[in-house]
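Hi everyone, thanks for coming along. Have a look at the screen.

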2 protein chains.
Amino acid sequence: MRAEIVAVGTELLLGQIADTNAQWISERLAEIGVDVVHHQVVGDNLLRIQEAIGLAASRADVVLVSGGLGPTEDDITRDAVAAVLGVGMVRRPEIEDQLREKFAAFGRGEMSANNLRQADVPEGATIIVPRRGTAPGLSVRVGAAWLYAVPGVPDEMMEMVTEVIVPELTARGGEGVVRSKVLRCAGIGESRIAEILVDLFRSSENPSLAYLASSGEAKVRLTAKAGSAQEADALIAPLADEVLRRLGDVVFTAEDETLEEAVGRLLRGAGATLACAESVTGGSVGARITAVPGASAYFMGSAVVYAAEAKHSLLGVSLETMAQAGVVSEACAREMAAGARSVFGADLGLALTGAAGPQPHAGAAAGTVWIALDAIERSHAVGYRWRVERDRVRRWAEQAGLDLVRRYLEGRELPPGDRLD
Amino acid sequence: MRAEIVAVGTELLLGQIADTNAQWISERLAEIGVDVVHHQVVGDNLLRIQEAIGLAASRADVVLVSGGLGPTEDDITRDAVAAVLGVGMVRRPEIEDQLREKFAAFGRGEMSANNLRQADVPEGATIIVPRRGTAPGLSVRVGAAWLYAVPGVPDEMMEMVTEVIVPELTARGGEGVVRSKVLRCAGIGESRIAEILVDLFRSSENPSLAYLASSGEAKVRLTAKAGSAQEADALIAPLADEVLRRLGDVVFTAEDETLEEAVGRLLRGAGATLACAESVTGGSVGARITAVPGASAYFMGSAVVYAAEAKHSLLGVSLETMAQAGVVSEACAREMAAGARSVFGADLGLALTGAAGPQPHAGAAAGTVWIALDAIERSHAVGYRWRVERDRVRRWAEQAGLDLVRRYLEGRELPPGDRLD
């Protein structure tokens, strides 16, 4: 079964809000093996909504229209559906009664007359009665397609999709389950991964391979369709094994976690604690680590020693090191990491110092970053030179630092010390 | 001029990522008076991308295709554009050279051969040379429409739209100039702003008023179209004055800066330095402040004292306070702020402590946050209770903290101490 989503709302086109409903709906449909093949966004314009619905119904088996079902004058999805069907609108007294009851229960005063628009239904359409909110949804055949109209308000939409539409499509569909497995990699570019996996990408249809890239991280997605979840997972498993075998250490998770979630899991498993000393990253490493619920079990804190003297006064970096090697150096990074470990009483200290750019800093060219990990039995430092924008230097430093901790906790090989040119 | 956005990527249809590019592009185009009228999302399928582009070109003046320009085999936007135009692909040697140079400069090892796909260009198309990343964009006429293809990676897309496409569309627009002024507000919700400005919103067509809301920040955009920039600005000015008069202190900039840029500007102007003590925000306040180039002129650092004992050992918060009032309290916040100011030798100390949730913390309900500002002549603390998601509590805490510094430096009234219920 192929589905198409039509999101209605001028505020979406003006960029005032992001269309997060479509993403959520797509995920739910993918879980039951319904492929979302197109997604359109249209404004609060009768003719354009009508055209969008007509186009969708002509090429998809299931059309999900989200938005435009409220009580105000720019809520015209009902009218557009009626226009597509070539029918009139019928005022449904039972909905009118339900609306009045709901408003009385809300305790929000008199129900304004425009709410009655929600009791108007295209002739021949079925209502989907809402638990939350007041706007009923709609369900109706449009040619060979099944059309569902749901509210744009996220939790009202989610209730209807979860409780009514997904069960109905599941019952109607019969046709299999789609499962995905996402591997995430650090310290390697998407194009290098694609090169390593090129023959698998070309030859594998079900399961299939796809790549996603975002700043500093490359992901490999394996997707399979089969009669059941277990069968789909069984199709994926051998391909996943081969991909892992080829990619090796650069894969930091096969469970679609963030790098900081993976690090948290590993610290928790080792019963170890971490503290950071940040200069170039300004606090973003600590922010990422603490965004994960439960981080207080393994994260002590971060000394964001942005000013040079703070490296000495808070962490004990020696004045000699700061004068001789400078603050963007292997020696300074090692001392910052040891200082953080000591000052916070942690098992591991991670330090990041560098020149983010665009200016050079402390004698180091823009894009120079030194990262050090300090543990009771060893200290390891890695130097980088990234000729990229300031915010990318910071993002890549976060990734490299967290990945160093990850590799250390997994007992893997650590990147060689000097990656400067 | 009417625009249509076509977002390419199966991961968008599978719901694995949200289409945030489209929202950002829509905002940028709205600022220059280009209306986004449709938005389509298609998967990595040659025929469907071709059809989507064809449909867009048939009904819009400007078509922006995002995604599918990378080096891997599922990056087929170039091929789809060529198919729409009915032309072949040409390998452009100058792009090949640029790609090799970039890879050498990245310092990430040998360039894999599949990157050369990015040097293939539909015959007759113009390249948009990227600064970041490697994927060139495309610019070409498709019938009467202007088509632009940009990478899906957000920062690469934003650079091309900002530096090449928006200026080109602005120059081509011809028919008058569109100017926008964006006021940003902190500590007030979009619906309250809309209530205050409702009559202006309804009555004002040129200049027009629009609202944008993102987490913790509400923006008011004034847009005017006239024969020249000066005329457009002159149309905006009286409306801006009235809006500022009504909104007052909640407006932290009329120059579309971020809150951290505004704070940086004010610190620089006052010749003052700032240090932070962060617990609930985990380092994100320091990260935001240091993301602004030149922050080292006014920012000393942040003590991210996530573990309770670190508040004592790094910042000198008294054991008595921690035992009696607890770490999520006015007293602890005040001591953290004073401690940061002292330890970093700064003029101002800003502290943020709280229970982000979903669990309560140290006897405080989820969503409780105390923020304190310490200066030589005064100390001020504000308590909040936000019944929202964990990441929203952290984001709102960042905004409230930075806004407290902003108001202090502007000599404005500070929020009353107790905003708990």
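To begin, a residue is called buried when its relative accessible area is under 20%, exposed when that area is over 50%, and partly exposed in between, using a 1.4 Å probe and protein chains only. Please keep in mind that this is a predicted model, where local features need pLDDT of at least 70, side-chain atom pairs count only at pLDDT 80 or more, and totals for chains, interfaces and linings use all residues. Residues are numbered from 1 along each chain as its sequence is written, chains are lettered from A and ligands numbered from 1 in the order in which they are written, and side-chain values use heavy atoms, with hydrogens and water left out.

With a relative accessible area of 48%, B:Pro293 is partly exposed. Look for it in the loop of chain B between helix 10 (284–290) and strand 14 (299–304); helices (H or I, at least four residues) and strands (E, at least two) are DSSP runs, numbered from the N terminus. Which residues is B:Pro293 in contact with, leaving aside its neighbours within four places in sequence? They are A:Arg390 and B:Arg268, where contact means heavy atoms within 4.5 Å.

That brings us to where the two chains meet. Chain A puts 78 residues into the contact, and chain B puts in 76 residues. The size of an interface is often given as the accessible area lost when the parts come together. Here the area buried between chain A and chain B is about 6000 Å², and carbon and sulfur atoms give 53% of it. Buried area is the accessible area (1.4 Å probe) that two parts lose on being put together, summed over both.

How many salt bridges does the rule find across the interface of chain A and chain B? There are four, a salt bridge being a side-chain nitrogen of Lys or Arg within 4 Å of a carboxyl oxygen of Asp or Glu. In one salt bridge, the side chains of B:Glu156 and A:Arg392 meet at 3.2 Å, N to O. On the side of chain A that touches chain B, helix 7 (residues 190–203) of chain A gives the most, with eight residues.

The strands join in as well. Strand 14 (residues 299–304) of chain A and strand 14 of chain B pair in the antiparallel sense over three bridges; two strands pair if DSSP finds at least two bridges between them. A:Ser302 has B:Val304, in strand 14 of chain B, as its bridge partner.

Now for a contrast: is B:Leu138 buried or exposed? B:Leu138 counts as buried because its relative accessibility is 2%. You can find B:Leu138 in strand 7 (residues 137–142) of chain B. Not counting residues up to four places away in sequence, B:Leu138 touches several others, including B:Val121, B:Ile128 and B:Leu147.

Last, back to charges. Side chains of opposite charge can pair when their charged atoms come close. Over all chains, the structure holds 55 salt bridges. In one of them, B:Glu168 and B:Arg172 have their closest N and O atoms 2.9 Å apart. These two residues sit four residues apart in helix 6 (residues 154–173) of chain B, so about one helical turn separates B:Glu168 and B:Arg172. B:Glu168 is partly exposed at 30% relative accessibility, and B:Arg172 is partly exposed at 27%. Over in chain A, a network of salt bridges links A:Asp249, A:Asp403, A:Arg406, A:Arg407, A:Glu410 and A:Arg412.
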